[in-house]
Amino acid sequence: MNSLLNAARPPVLCPGCTHERITHSLDQAFQNMGLAGHQIVIVSDIGCSGLFDTFFHTHAMHGLHGRALTYAAGLKMARPEINVIVTMGDGGQGIGGAHLLAACRRNLDLTLLILNNFNFGMTGGQFSATTPPEAQLGSGFLSALERPLDICKVARCAGAPYVRRCSGFQKNLAEQIQDAIEYEGFALMDIWGICPGRYTKKNRLTPKMIDDALAKLPTMDGVVSENVRPEYGQHYRQLAAAQKKVSAPAVIEPQFTAPQTGRQEVILLGSAGQRVITAGELLCIAGLTAGMKTTQKNEYNITVLRGPSISELILSPQEINYTGIETPNVVVALDQEGVDRRRGLFERMTPKALIIQISGVNVPTSKARIHHVDLRALGVKRPDWALASLAVLAKLQQIITPQMLEAALKIRFKSNALDASLKLVKQVTTGKAA
Amino acid sequence: MAYSLLEGNEAIARGAVAAGCRFFAGYPITPATTIYHNMLNLLPPLGGICLQGEDEIASIGFCLGASMAGMKVMTATSGPGISLYSENLSFAIGSEIPIVIVDVQRLGPSTGSATRGADGDINFLRWGSSGGLPVIVLAPVDVQDCFTLTLQAFNLAEEFRCPVFLASNKEIGMTRESIDLQKVATPGIVERSAAPSNQPLLPFGVDPGQQVPNFLPIGNKVLVRQTSSTHGADGYITTDSAAIARNQERLENKLLSAINRFSFHEHYSIKHTDTLLIAYGVSARAAKAVFKAQKRRGKPISLLVLKTLWPVPENVIQQAARDARRIVVVEMNLGQYIREIKRILPQKQVDFCGQMDGRLITPARITEAVDHE
């Protein structure tokens with residue numbers, strides 16, 4: 001095969017830069033594999049390693065510092081057949097640390113070449129995540145304060161199934177790169193090199209010193225057996241293929257007449273865990289069975305299973321604009337937390353309005369009629385109170401009818417949940433304790 | 001007439017799928033999370049891809065990669081996530097990568113209030129990227145808009161090869177509403193224009209008069225170069241200032257010169273009215289209630305509901321305001337878009353009716369602003 005190097009754009013690296021050797025080794029690996037340019041995409045980020053995509057006649061995507069792995073993931077998921085090569089420096093490795101960890105955990109079939117030359121070359125030799133503390137660099141004494149990161153150890157811990165540490169001067173670098181590309185999964189190579197433009201201005205580093213340093217470290221030579229597992233993309237496609245298709249939203253044919261004509265506004269004042277939002281949805285669906293337009297505006301805190309939970313419901317034969325409620329027709333006081341959140345509401349209520357007051361909940365004085373319900377006495381459990389209050393409304397022929405509620409339950413629930421909800425409604429409407 | 005009950009976020013997800021979106025990546029954040037949940041239910045059975053990124057930066061990065069591979073992509077977040085999208089947003093703008101970004105706005109600043117609404121990101125969406133080049137921002141009012149404007153957003157992203165925002169709001173995204181799906185008018189589906197597949201590609205080359213370069217996906221036979229660096233037509237770094245200037249101008253003009261084609265809005269005009277109410281997003285619903293009430297009261301006003309916010313639909317605003325003496329701008333923030341209205345209508349009295357406390361602006365409050373100068 002022919003070289004994939006871009007003759008029109010030869011490497012523009014400093015004389016003696018290890019990146020140049022890696023460029024030629026990568027080209028050699030492509031040739032050994034018999035790859036054509038269009039079968040490869042080189043994804044790079046910022047810094048000298050970010051020049052790599054211009055050296056080759058391949059597809060290329062060059063983006064922001066440390067983010068190359070993210071673009072690569074999108075490309076590989078969209079085009080599983082292409083070889084995705086990511087080049088990154090020790091700088092990109094540092095700033096993109098979260099992406100690197102995630103790539104190790106994910107195990108998508110990408111090849112990451114970390115061109116590790118122990119400093120930020122392009123910006124003036126500042127310390128990176130791999131700088132030895134004794135190095136003299138552009139960031140002065142700051143580099144002495146931080147401990148260099150062994151990215152290979154980290155990658156192994158994070159689940160990378162292929163981790164190789166080597167020198168950019170290694171004779172068989174092309175074979176090693178080829179091995180990494182051919183590995184079906186996330187393959188990381190930590191390739192140590194020399195930055196003559198910056199690092200070796202004040203620090204001595206030779207190929208021999210790199211070899212000696214590597215010899216003292218635990219060997220990282222490719223497949224990490226304990227991390228070997230299915231490749232993410234294949235696994236994704238396998239699991240995705242088993243997912244059931246989602247049906248179109250239910251279309252609810254009008255079949256009943258609502259007990260009141262005109263716009264009706266209902267507020268459920270409860271707390272988390274009472275399934276207030278689900279009850280609100282049911283009331284809306286019940287409205288749709290009578291051909292009403294509906295809106296459901298909810299309010300709750302970000303906490304789960306704690307705090308007030310409020311649902312504002314409007315049922316109207318006309319277009320509904322504003323979704324908030326100022327003067328409700330019905331307020332259902334399900335829990336003190338919800339009532340306290342909207343205390344101001346009650347003084348605006350008219351004598352025609354109705355409050356469903358669940359025993360144990362105190363409501364502020366208002367002109368509205370009050371209908372008391374003791375759900376505990378009926379043996380209704382707290383998570384069912386909001387639904388039970390709909391049964392009360394239906395029984396009183398307020399907003400909805402029993403038929404509308406039953407139809408809504410049949411639309412919203414299936415099998416056991418449906419049976420339980422129908423039973424609960426019957427229990428409340430007949431007033432018989434379970 | 002038979003309705004379905006959908007929340008805004010589900011309508012956006014379903015609109016995206018209808019537009020041909022088959023790649024979604026997101027990071028959980030209230031109040032946008034249910035878009036991700038819906039996409040996770042919808043896409044895999046269709047052979048599509050739905051991913052959860054390790055953060056928002058990864059999520060948009062996945063999308064940009066997949067878009068360059070030729071897929072229609074979407075991500076969704078809220079204010080804090082938009083902050084993290086910023087660097088990749090500039091990439092998508094400058095390197096012409098189609099993407100739809102949903103911002104289900106919540107009360108800011110910063111982490112703010114996760115479950116309270118606001119329209120506090122309106123200027124941030126326009127200006128929150130390096131370089132200051134324009135983006136498209138569409139603002140849904142209700143669940144139907146969530147569906148149709150999502151389709152429009154994809155069409156615009158594909159046609160103009162740029163990021164398109166949907167500026168939603170907790171009070172739209174997480175509000176359920178009846179919708180007659182049979183009656184929803186949907187636009188035709190637009191695909192990005194393809195370059196010839198039998199000759200080398202100039203990835204950012206345009207013919208005379210052409211504003212948007214033709215596209216080929218990464219991964220086909222013809223090699224494609226994509227770069228976030230300042231580039232010439234060939235996708236390589238350039239220092240040719242004339243070429244750079246031409247390209248920046250093109251990036252601006254491709255949107256500004258076409259704005260009249262996608263100035264989505266609703267104008268309720270009543271002759272001889274003194275006051276024009278301008279609103280967008282969920283506040284437009286209260287504004288419409290006021291419009292109707294004022295008519296009933298015998299004190300009619302006109303109403304302009306903007307659904308394209310950026311680029312500013314200047315012609316639409318100028319025409320709607322032509323006969324009005326006074327403009328009242330309603331916003332769920334402390335006064336952002338009103339700057340544009342004042343800029344466009346320097347000869348008019350422009351008053352503000354705004355609020356940013358997590359509650360909806362009530363019709364009563366707007367009425368008060370209309371009645372009292």
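**Chain B, then the rest**

Author: This is a predicted model. Chain B has 12 helices and 15 strands.

Reader: How compact is chain B?

Author: The radius of gyration of chain B is 21 Å, close to the 21 Å from the globule rule for 373 residues, so chain B is as compact as a globular protein of that length. The C-alpha trace of chain B spans about 65 × 45 × 40 Å along its principal axes.

Reader: What percentage of chain B counts as buried?

Author: 60% of the 373 residues of chain B count as buried. As for contacts in chain B between residues at least 6 apart in sequence, 75% of them join residues at least 24 apart.

Reader: Into which domains is chain B divided?

Author: Domain 1 covers 1-262 and domain 2 covers 265-371. Taken over C-alpha atoms, the centres of domain 1 and domain 2 of chain B are separated by 27 Å.

Reader: And how many residues are in contact between the two domains of chain B?

Author: 29 residues of domain 1 of chain B are in contact with 22 residues of domain 2 of chain B. On the domain 1 side, the elements that give two or more residues are helix 5 (122-127), strand 6 (136-138), helix 6 (143-160), strand 7 (163-169), helix 7 (170-173) and helix 8 (241-256) of chain B. The residues of that side divide into 17 nonpolar, six polar and six charged.

Reader: Switching to the chain interface. How many residues of chain A are in contact with chain B?

Author: 56 residues of chain A are in contact with 58 residues of chain B. On the chain A side, at least two residues each are supplied by strand 2 (59-62), helix 3 (68-78), helix 5 (97-106), helix 11 (276-288) and strand 9 (293-300) of chain A.

Reader: Which of them gives the largest share?

Author: Helix 3 of chain A, with eight residues. The side of chain A that touches chain B divides into 26 nonpolar residues, 21 polar and nine charged.

Reader: Which strands of chain A and chain B pair?

Author: Strand 2 of chain A pairs with strand 9 (residues 225-227) of chain B, in the parallel sense and over three bridges. A:M61 has B:Q226 as its bridge partner there.

Reader: What is the strand order in the sheet?

Author: The order is 7(A)-5(A)-6(A)-4(A)-3(A)-1(A)-2(A)-9(B), eight strands in an open sheet with mixed pairing. Strand 7 (221-223) of chain A and strand 9 of chain B stand at the edges with a single partner strand each, so one side of each is left without a neighbour in the sheet. Neighbouring strands of this sheet are turned by 15° against each other on average, direction ignored.

Reader: Give me one pairing within chain A.

Author: Strand 1 (residues 40-44) and strand 3 (residues 83-89) of chain A pair in the parallel sense over five bridges. In that pairing A:V43 stands opposite A:V86.

Reader: Backbone next. Where are the cis peptide bonds in chain B?

Author: One joins B:G108 and B:P109, with omega about 0°. B:P109 is in the loop between strand 5 (99-105) and helix 5 of chain B. Another joins B:W310 and B:P311, with omega about -10°, and B:P311 is in the loop between strand 13 (308-310) and helix 10 (314-321) of chain B. In general, most peptide bonds are trans.

Reader: Which residues other than glycine have a positive phi?

Author: A:R275 is one of them, with phi near 55°, and A:L305 has phi near 60°. A:R275 is in the loop between strand 8 (264-271) and helix 11 of chain A, while A:L305 lies in the loop between strand 9 and strand 10 (308-316) of chain A.

Reader: Why does A:R275 count as partly exposed?

Author: Because A:R275 has 18 C-beta neighbours inside 10 Å, and a residue needs 20 or more to be buried and 12 or fewer to be exposed. A:L305 has 8 such neighbours and counts as exposed.

Reader: Last one, B:A118. Buried or exposed?

Author: Buried, with 29 C-beta neighbours inside 10 Å. B:A118 is in the loop between strand 5 and helix 5 of chain B. Leaving out residues up to four places away in sequence, B:A118 touches B:Q105, B:R106, B:L107, B:G108, B:N169, B:M332, B:N333, B:M356 and B:G358.

Technical notes. Residues are numbered from 1 along each chain as its sequence is written. Chains are lettered from A and ligands numbered from 1 in the order in which they are written. This is a predicted model: local features need pLDDT of at least 70, side-chain atom pairs count only at pLDDT 80 or more; totals for chains, interfaces and linings use all residues. Domain bounds come from an automatic or database domain assignment. Two residues are in contact if their C-beta atoms, placed from the backbone, lie within 7 Å. Helices (H or I, at least four residues) and strands (E, at least two) are DSSP runs, numbered from the N terminus. Ala, Val, Leu, Ile, Met, Phe, Trp, Tyr, Cys and Pro count as nonpolar, Asp, Glu, Lys and Arg as charged, and the others, Gly among them, as polar. Two strands pair if DSSP finds at least two bridges between them. The radius of gyration is taken over C-alpha atoms; the globule rule is 2.2 Å times the number of residues to the power 0.38. Axes are lines fitted to C-alpha atoms, for helices over the stretch in contact, and angles run from 0 to 180 degrees between N-to-C directions.
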